[in-house]
Amino acid sequence: MQKANIIFWTVSVVGYLTTRTVNLDVIPIFTDEAIYSYWAQVALHDPANRFISLEDGKQPLFIWLAAIFQKFISDPLIATRLVSVMSGLGSIIGIFLLAKTLFGEKVAKTAMVLYIILPFTLLYDRLALFDSLLTMLGIYSVLFTVKLVTVPKLENSFLLGVSTGFAMITKSSGNFFLYLIPASALLQGTWSKLKFNLKEIFRWAGYVLLAVAIANIIYNSLRLSPLFYIIARKNLGFIRPVAEVIIDPFSLFIPNFTTLTGWLIVWIGPVLFIIFILATIRGILQKNFKVIYLAIVTLAPFGAETVFNKVLYPRFMLFYFPYVIILIAYGSLDLLEKLKINKKLLTLLFILVLIYPTINSFWLIAKPTNAKIPSSDAGQYLNDWPAGYGVAEIVSFLKNQPTDVDIYIGTEGTFGLLPYALQIYFFGQKNIHIIGFWPVNADDLPEQILDLSKKGPTYFVFNENQKDINSPKLKLIEKYQKGVGASYMRLYQVVPQ
């Protein structure tokens, strides 16, 4: 048995690292990744700017970790993406431990395999975004929440507080793990049997309060920055204020519910979605408190997003997706156990069901534009203006220019993909001058860039303007298609007048 476990873990870890690191740059840098990689680079080289992400209302933990990775890895995008890769590695260990604690080793191993092969987790473990780190920290927060309610002791309280606090300084969604700690009371042995052992309940409650205090101390450390207040202001750009929700609580419910559910079905396939729903309903009907607890941890944030969110992206589901995976693993094995059908046939059918998501995962690694993913994700990462097709080619073009002359590059944009996706590759290179402009009229270029063209080679990069440019001041060098979309990034040389 020990040998089998060693083989399982070896294959799983190697399989995970292979799927997360092969062709890690096959999806080009996109807008948010450019911002986060740039922030990490600034934080690394300027201690006064360690809280730079708070300027945009973003918590800094991911940026701090990315800065550490950039110190040892020369490519800033790859370095920042590796934070997500390592976070995902922590997630597969955490999902195994959590599922084993709740349902046993078979469910744990199945959930771990599902995490590795499903395209939703695979994609976000390969992108330089906050979400994979938040997901990992959330798994450990839930794990220690479960451990604390089953074995109330100081060690579990401390670990719960630390993991939850770190989740809270990664992304605002991390607060859900703090809010949902009381739901774990369902797992308290005396409570679930309706035998109230007040001594045990008060002991557990005391440790919960300690964990909450630790988490809040970690979160409130961000108040050391005068920019802390921007977090709340930024959140209002994504969610409705409580006062507005009270007046009209369900104005966004149907469109948000339909959108989130549709994305989930696309990412995992209809059969796994049905298994998730059936496992949840069956667990509730059977008063299986472990299933009910995971359902709450999943459906509470899902429900909050349907009611509160003004802006939605599929990645907003990632932090509670591991509990969907565990319920699918539990439901699948429970189905195999209960149905009086040939077990080998059912196992084969389950494997066949996994072919669809596995193929999608393969395409995300080999040729992302072939993958069947939600259109909102395809637009952001592959086919529309936020996608960074053309950045690598422009960086290569500029690196091949002479290093003994000043070169000027103007960009259509002052924040985001441009100019940051270029700036991160020329940090400290004094002859390369990258200047952002917004807005930009191709027929009336900024005077600054026209003046610079008289001093040395000058270029301009357009990304959002998709109209044909016929200006004597610009000479097209190359245009780069965004995936299979109708959007292009274009590089022009500015002709001195």
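Okay, starting with the largest pocket: helix 2 (31–45), helix 9 (175–179), helix 11, helix 12 (230–235) and helix 16 each put at least two residues into its lining. Keep in mind that this is a predicted model. Of those contributors, helix 2 gives the most, with 5 residues.

How much space lies in that largest pocket? About 1100 Å³. The lining runs to 43 residues, and the closest to the centre of the pocket are K171, S172, S173, N235 and F238. If you sort the lining by class, you get 23 nonpolar, 12 polar and 8 charged residues.

Now, helix 11 deserves a moment of its own. Helix 11 covers residues 198–220, so that's 23 residues by the DSSP run. From first C-alpha to last, helix 11 reaches 32 Å, close to the 33 Å expected at 1.5 Å a residue. And which residues of helix 11 are buried? I201, W204, V208, A211, I214, A215, I218 and Y219. When you look at that list, remember that an α-helix has 3.6 residues a turn, so residues three or four places apart point the same way.

Next, the second largest pocket. There we have about 410 Å³ of space. Its lining has 16 residues, with K106, V107, T110, L333 and L336 nearest the centre. Helix 5 (105–117), helix 17 (321–338) and helix 18 (343–353) each bring at least two residues to the lining of this second pocket. Helix 5 has the largest share, 6 residues. By class, the lining of the second largest pocket splits into 9 nonpolar, 2 polar and 5 charged residues.

Then there's closed-off space. The structure holds 1 cavity of 30 Å³ or more. The volume of the largest cavity is about 40 Å³. What lines it? V142, T145, F177, L180, I181, Y293 and V297. That lining comes out as 6 nonpolar and 1 polar, with no charged residues. Helix 7 (131–150) and helix 16 (289–308) each supply at least two of the lining residues.

Let's move on to the strands. Strand 1 (residues 407–412) and strand 2 (residues 432–437) run parallel, joined by 6 bridges. To find your place in that pairing, go to Y408, whose bridge partner in strand 2 is H433.

V461 has L491 as its bridge partner in strand 5.

So why call strand 3 largely enclosed by the rest of the structure? Because 5 of the 5 residues of strand 3 (residues 458–462) are buried, and buried here means under 20% relative accessible area. In a regular strand the side chains alternate between the two faces of the sheet. In strand 3, T458, F460 and F462 point one way, while Y459 and V461 point the other way, and all are buried.

How values were computed: Residues numbered from 1 in each chain as written. Predicted model: local features only at pLDDT ≥ 70, side-chain atom pairs only at ≥ 80, totals over all residues. Heavy atoms only, no water. Pairing = 2+ DSSP bridges. Helix = DSSP H or I, 4+ residues; strand = E, 2+ residues; numbered from the N terminus. 1 Å grid on protein atoms, 1.4 Å probe; cavity = no way out; pocket = protein on both sides within 12 Å on 5 of 7 lines; lining within 4 Å. Points joined across faces, edges and corners; volume = space filled by probe spheres on them. Nonpolar A, V, L, I, M, F, W, Y, C, P; charged D, E, K, R; others polar. Expected span 1.5 Å × (residues − 1). Buried < 20%, exposed > 50% of the residue type's maximum accessible area, 1.4 Å probe, protein only.
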